[in-house]
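Please find below a note on the model under review. It is arranged as numbered points for reading beside the coordinates.

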Amino acid sequence: LHNLMQPGLRKALLVGIIIMVFSQINGVNMMLLYAPSILAEAGVSVGSHAILSSIPIYVFIFICTIAAFGLIKRFSRRGLLITSVCGMCVAHLLMAINLYLHWPPIYTLFPMLLATGAFPLGLAPLSWIIVAEIFPNRSRGKALAIVCFFLYLSSFITAQCFPMLTSWFAGKYNNTAGMYMVFAMICLSCVVFCWKMVPETKG
């Protein structure tokens with residue numbers, strides 16, 4: 001653990017922790033977690049069970065995940081990461097506008113597909129790849145253990161806070177658009193962080 005406190009490794013550890021936290025608090029995981037209820041509200045259903053309605057979303061994610069392999073080989077890690085998070089930010093803004101202006105529920109599908117497509121094309125795989133590449137072999141095991149602790153902690157906190165915050169926005173403003181504005185701001189912060197702090201690790 002003492003090795004990780006050295007100047008170069010300390011910065012790498014900070015970058016690793018923050019990028020993994022961003023991978024969990026960006027809001028896309030919450031879209032996936034609550035996909036059946038979101039799609040049910042949008043009037044999209046497959047059969048009589050709400051859970052079946054999310055199958056097309058997961059098929060789309062699978063296709064994007066396969067596409068990510070080729071993109072990661074072809075483009076820079078950092079550039080693809082920033083582009084992915086920008087797409088997620090735009091998706092959250094569109095979702096917020098959709099909810100605020102009370103557009104037809106079916107319109108929630110586009111920002112949902114944009115967000116859930118952009119996530120596996122960049123941030124989801126690249127957060128793991130970059131974190132694995134910024135640490136030397138001698139310190140990688142301990143560093144990844146610390147990074148994963150913060151990943152699961154942030155995932156747990158986000159899953160607990162999302163329904164409470166959504167209910168708060170619905171109760172105070174009679175609208176949940178504010179929740180997606182929060183996620184958009186988180187994604188924007190992630191873009192700035194990646195631009196300023198995340199190094200290019202390809203090659």
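The points below take up the basis of the note, the cysteines, and then selected helical residues.

1. Basis. The model is predicted: local features need pLDDT of at least 70, side-chain atom pairs count only at pLDDT 80 or more, and totals for chains, interfaces and linings use all residues. Residues are numbered from 1 along each chain as its sequence is written, and side-chain values use heavy atoms, with hydrogens and water left out.

2. Disulfides. With a disulfide taken as a pair of cysteine sulfur atoms within 2.5 Å, the count is zero. Cys-64 takes part in none, and the nearest cysteine sulfur, in Cys-187, is 16 Å away. For Cys-187, the closest cysteine sulfur belongs to Cys-89, at 5.8 Å, which is too far for a bond.

3. Burial of these cysteines. Relative accessible area is classed as buried under 20%, exposed over 50% and partly exposed in between (1.4 Å probe, protein chains only). Cys-64 is buried at 7%, and Cys-187 is buried at 1%.

4. Asn-29. This residue belongs to helix α2 (residues 28-33); helices are DSSP runs of H or I with at least four residues, numbered from the N terminus. A polar atom of the Asn-29 side chain lies 3.4 Å from the backbone oxygen of Ser-23. Beyond its neighbours within four places in sequence, Asn-29 is in contact (heavy atoms within 4.5 Å) with Ser-23, Gln-24 and Phe-119.

5. Nonpolar surface patch. Ile-55, Val-59, Phe-62, Ile-63, Ile-66 and Phe-69 make a nonpolar surface patch of about 620 Å². Patch residues have over 30% relative accessible area and no salt bridge, and nonpolar side chains (Val, Leu, Ile, Met, Phe, Trp, Tyr) are joined within 5 Å. A salt bridge here is a side-chain nitrogen of Lys or Arg within 4 Å of a carboxyl oxygen of Asp or Glu. Areas come from the Shrake-Rupley method with a 1.4 Å probe. Phe-69, in helix α4 (residues 55-74), is exposed at 55% relative accessible area.

6. Arg-77. Helix α5 (residues 77-100) contains Arg-77, which counts as buried at 11% relative accessibility. Leaving aside neighbours within four places in sequence, its contacts are Ile-72, Leu-126, Ile-129, Ile-130, Glu-133, Glu-200, Thr-201 and Lys-202.

7. Ala-124. Where in the fold is Ala-124 found? Ala-124 is in helix α7 (residues 123-133) and is partly exposed, with a relative accessible area of 23%.

Note on methods: Helix = DSSP H or I, 4+ residues; strand = E, 2+ residues; numbered from the N terminus. Polar contact = N/O pair within 3.5 Å; in protein donor to acceptor, adjacent residues only side chain to side chain. Patch = residues over 30% accessible without salt bridge, like charges linked within 9 Å, V, L, I, M, F, W, Y side chains within 5 Å.
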